Structures are given as structure tokens and as C-alpha cells.
Amino acid sequence: VSEQSGLADLDRLLAERGDELIRAAIALAGNRADGEDLLQTALERLLRSRQRVEFDLEGYLRRILYNLAADGWRRRATGERRLRLLPGAGGKDGPDSATATTTVDLRDALVRLLAQLPMRQRTVIVLRYWIQLSEAETAAMLGISEGAVKSHGSRGMARLRELAARWPEADKRQRGLARTVVGGES
Amino acid sequence: MNDLEDLVRDGLDRLTAGSQIPDGLVGRARRQAARPRRAMGTVAAMGAAVTAAAAGAIAFTSLASPGGPSSDNQQPTARLAAWTVVKQADGDIAVTISQLQDPAGLQSTLHADGVPASVYFTNGTRSSNQAANPACATYPGGGSLLDGIITGQLQNNNGDALTIDPSAIPSGLGLEIYSLTGQAGQFTGVGVRAVQANQQCTGS
């Protein structure tokens with residue numbers, strides 16, 4: 001396999017599967033900017049690899065991506081740190097009642113909390129419950145035992161479950177202790 | 001499959017929905033991969049120097065679409081609010097911004113909570129490393145100071161809320177909150193940087 005044909009294979013893969021890969025990277029990293037950096041880092045790692053990948057290029061790239069995330073990959077020091085803004089109500093799931101608003105906010109809160117979990121817990125949860133790999137597949141991807149997958153997954157989900165169990169009481173308590181000012185209402 | 005897993009999945013679906021691989025990403029990866037490893041270390045060191053010189057701009061990304069209805073102005077998650085300021089029990093100030101509206105109101109609210117700030121929302125083509133308000137000058141060494149002032153999720157590059165510790169703001173330092181725009185002039189996010197607090201910039 002020549003270098004040129006390898007690059008052509010990579011171009012083809014990214015043309016066909018690039019959007020799915022960037023979504024996986026964003027889910028793992030917690031936001032778009034870091035997801036882009038994570039995928040770029042994975043691609044760099046792939047391109048630097050002297051190993052010729054004749055089969056399952058996507059699987060090889062995903063393995064790099066997942067392990068970078070699990071190992072606490074660090075975003076480049078660019079002088080800018082990024083975060084998402086408060087999501088709006090656009091889309092079919094936009095809240096149209098108090099209940100819907102609470103549900104949407106809980107989902108957002110869970111994603112925020114997910115981003116604060118230790119990287120291995122977060123990665124396992126994303127792989128297991130969003131990418132929907134089995135425990136065995138997750139273990140193989142990350143090079144850890146199935147027991148470790150179970151452990152990381154259960155600990156992470158326990159943290160998320162604590163938040164969900166308190167919801168929306170935690171929000172009410174916060175409102176009771178805090179003063180809130182909102183502005184620019186339209 | 002339980003409800004919590006469904007909620008996590010829904011949340012991640014929302015986070016990633018519509019995302020497409022950026023045009024330049026593969027090219028950047030190729031250029032980086034083509035660099036000798038030793039050279040990359042030099043580049044990283046240079047990057048750190050540039051970071052310090054840039055006084056630590058912080059960027060929010062991806063302005064969401066206008067919020068949905070909410071009848072309760074006291075809810076921190078009020079969907080019609082362009083921005084929300086919550087003074088927490090520990091004194092920290094949590095700020096969320098969803099629309100570029102009422103910058104003066106946001107600035108005065110932050111002032112009332114002990115945060116000297118300049119809020120400046122425009123649709124110009126200014127790059128993220130230029131001051132938004134021409135009256136605001138970069139605070140020397142502000143990049144490292146911001147790490148102590150901006151707490152919470154922002155330090156991990158994640159999350160929605162900008163959490164400010166007013167007690168960590170040294171005398172003479174202010175926060176400039178400004179809109180970021182892309183090459184085509186479209187809104188891409190909101191940035192926060194350390195500036196020199198004075199009457200012209202932060203109003204105090």
C-alpha cells in the first residue's frame with residue numbers, strides 16, 4: 001500500500017464518515033471546539049503512524065480517537081478556551097411547556113456533568129450509551145478489561161444518576177439561595 | 001434501556017446534532033503530521049508565549065438559536081433571557097449568554113455584583129485577539145490571572161456558564177465580554193478577556 005493510496009483511502013473515509021467521526025469526537029470532548037481538536041489530533045496520530053493500515057481504516061482511527069479521549073488528551077494551548085452557550089429552544093425538541101423545559105435542561109445538565117467526569121468514565125459512557133458499543137467492544141477499543149469498562153461506566157452513571165435524582169430540586173434550592181438576574185428578554 | 005441512559009443519549013444527540021467535519025481540519029492535521037516532532041515542540045513553546053502575550057482571551061462558541069418560552073423570570077434557565085446572571089451562595093457570579101442583547105444591562109448587573117466589566121456586542125469583523133471596545137486596553141499578564149478569576153467548568157473548556165469569582169479580581173483589572181465573528185462577519189461566539197479597568201472601558 002503506497003503512501004498516496006493510503007492518503008486517498010483516508011480522504012475517502014473522511015468524505016464518507018467524517019461527519020460521524022466529528023460527532024463522536026464532540027461527544028467525547030464535550031464541545032465542538034475541543035471535538036475538532038481531538039479529531040485533528042487523532043488524524044495527526046494516524047498520519048504519523050508508520051503502520052500501514054490495509055484493513056478497517058475507520059476502526060483504526062476510532063481506536064486512536066477513543067484512546068486519546070480516555071487518556072486525557074489535552075487541547076492545544078491556543079490562548080482561547082471555549083465553551084458552549086446556553087442552548088436555545090430551536091428544533092423539534094424545543095420546550096413548549098414547563099415539563100419540557102425541565103427535561104431539556106436536565107439533558108443539558110447531564111451533558112455538562114458528563115464533561116466533568118474523569119476522562120475514562122466519560123469515554124466509557126459515550127462509547128457504551130451513545131455509540132452503543134458492547135462492553136466487550138468497548139474493552140477491546142480501549143485496551144482494558146470488561147470489568148474495568150463496567151467499573152468506569154457504573155461510577156460515571158452513578159454520578160449522573162445523583163444529579164437526575166435531585167432534579168429539579170437542586171435547581172429549586174439554587175434559586176432559593178441565589179439571586180438571579182435575567183436580561184434582554186424578547 | 002433506562003431513562004437516564006436515554007437522557008444522556010438525547011443530550012449527546014443535541015450536543016452533536018448537525019455537526020460536520022470542518023473543511024480545513026484534515027489539511028491542518030496533515031501539516032501538523034508532516035512537521036518533525038522536534039519542531040513541534042518549538043511551535044508549542046512559541047504558542048505558549050503568544051498565549052501569554054494575548055492576555056488570555058476566552059471564547060464562547062456557537063450561539064444557540066433564540067430561546068424558547070418561559071414564564072418564570074426567576075429561573076436561571078429562562079429561555080427568553082438573552083443572558084442570565086446568578087449570584088451564587090458562595091459569592092461567585094455565574095453568567096450565561098444566549099443572545100447578544102442588552103449589553104448595558106449585563107454590564108450594570110455585573111458591576112452591581114462587584115465585577116468591573118465592559119460588555120460590547122457588535123457584528124464587526126474584528127478578530128478575537130483585538131479589544132472590542134477601543135477604550136479598553138489589555139491588562140498585562142491578564143491571561144494567567146484569568147485562571148484564578150474564571151472558575152468552574154470554563155477551566156476545563158466545557159460547559160455553558162462563565163463563573164466569575166469577584167474576590168479574585170485584582171484592583172485595576174476588568175473583564176471585557178465581547179462578540180466574536182467569523183471571516184464572513186457571522187456571529188461565532190462570545191469572548192472574555194482581561195482588560196484595564198477605567199472609566200472609559202469598564203465605567204469605573
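Guide: Helices are DSSP runs of H or I with at least four residues, strands are DSSP runs of E with at least two, and both are numbered from the N terminus. By this rule chain B has five helices and eight strands, in the order α-α-α-β-β-β-α-β-α-β-β-β-β along the sequence. The structure is a predicted model, in which local features need pLDDT of at least 70 and side-chain atom pairs count only at pLDDT 80 or more, while totals for chains, interfaces and linings use all residues. Residues are numbered from 1 along each chain as its sequence is written, chains are lettered from A and ligands numbered from 1 in the order in which they are written, and side-chain values use heavy atoms, with hydrogens and water left out.

Visitor: How many helices and strands does chain A have?

Guide: Chain A has eight helices and two strands. Its elements follow the order α-α-α-β-α-α-α-α-α-β from the N terminus on.

Visitor: What makes Thr138(A) a buried residue?

Guide: A residue is buried under 20% relative accessible area, exposed over 50% and partly exposed in between, with a 1.4 Å probe and protein chains only. Thr138(A) has a relative accessibility of 0%, and therefore counts as buried. This residue lies in helix H6 (residues 135–142) of chain A. By the same rule, 54% of the 186 residues of chain A are buried, and in chain B the buried share is 49% of 204 residues.

Visitor: Which residues are in contact with Thr138(A), apart from its neighbours within four places in sequence?

Guide: Contact means heavy atoms within 4.5 Å. With those neighbours set aside, Thr138(A) is in contact with Val124(A), Leu127(A), Arg128(A), Leu133(A) and Val149(A).

Visitor: Why is His152(A) called buried?

Guide: The relative accessible area of His152(A) is 19%, which is under the limit of 20%, so the residue is buried. His152(A) is found in helix H7 (residues 146–166) of chain A. Beyond four places in sequence, the contacts of His152(A) are Arg120(A), Gln121(A), Val124(A) and Ile144(A).

Visitor: What is the angle between H5(A) and H7(A), and why are they called roughly perpendicular?

Guide: Axes are lines fitted to C-alpha atoms, for helices over the stretch in contact, and angles run from 0 to 180 degrees between N-to-C directions. Helix H5 (residues 119–130) of chain A and H7(A) pack at about 95 degrees, with their axes 8 Å apart. Angles under 35 degrees count as roughly parallel, over 145 as roughly antiparallel, 65 to 115 as roughly perpendicular and the rest as oblique; H5(A) is therefore roughly perpendicular to H7(A). Among the residues that make this contact are Val124(A) of H5(A) and His152(A) of H7(A).

Visitor: What makes Val195(B) buried, and which residues are in contact with Val195(B)?

Guide: The relative accessibility of Val195(B) is 1%, and this residue therefore counts as buried. Val195(B) is found in strand S8 of chain B. With neighbours within four places in sequence left aside, its contacts include Cys136(B), Cys201(B) and Glu176(B). The C-alpha atoms of Val195(B) and Glu176(B) are separated by 6.3 Å, although these residues are 19 apart along the chain.
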